[in-house]
Amino acid sequence: MAQTKKIAQYVVIVFVLYTIITSPERAADLVQIGFEGISSAAQGVGEFMTQLVN
């Protein structure tokens, strides 16, 4: 099981590096989309908590 996890991590790292090297603009777009999603989720949680307090 640990061997499989280690292999999967190496595959993901190689894929990320390959994507960054071959298409840095696309990789930057994907990172931006990810951060926008995280930001929207955090904002939604903040609004929910605010409504709970009020």
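A residue is called buried when its relative accessible area is under 20%, exposed when that value is over 50%, and partly exposed in between, using a 1.4 Å probe and counting protein chains only.

Before we walk through it, a word on the model. It is a predicted one, in which local features need pLDDT of at least 70, side-chain atom pairs count only at pLDDT 80 or more, and totals for chains, interfaces and linings use all residues. Residues are numbered from 1 along each chain as its sequence is written, and side-chain values use heavy atoms, with hydrogens and water left out.

Let's start with the overall layout. The protein chain has two helices and zero strands; these are DSSP runs numbered from the N terminus, with helices (H or I) of at least four residues and strands (E) of at least two. The radius of gyration of the protein chain is 18 Å, whereas a compact globule of 54 residues would have one near 10 Å. That radius is taken over C-alpha atoms, and the globule rule is 2.2 Å times the number of residues to the power 0.38. Along the principal axes, the C-alpha atoms fill a box of roughly 50 × 35 × 5 Å.

Now to helix H1, which covers residues 2-22 and includes Leu 17. Leu 17 itself counts as partly exposed because its relative accessible area is 47%. Val 16 also lies in helix H1, and its C-alpha atom is separated by 42 Å from that of Val 53, 37 residues apart along the chain.

A polar atom of the Thr 19 side chain lies 2.8 Å from the backbone oxygen of Phe 15. Leaving aside residues up to four places away in sequence, Thr 19 touches Pro 24 and Ala 27, where contact means heavy atoms within 4.5 Å.

Finally, look at helix H2, residues 24-53, where Ser 39 has its place. With a relative accessible area of 42%, Ser 39 is partly exposed. Ser 39 and Val 12 are 27 residues apart in sequence, and their C-alpha atoms are 24 Å apart in space.

Definitions and conventions:
Polar contact = N/O pair within 3.5 Å; in protein donor to acceptor, adjacent residues only side chain to side chain.
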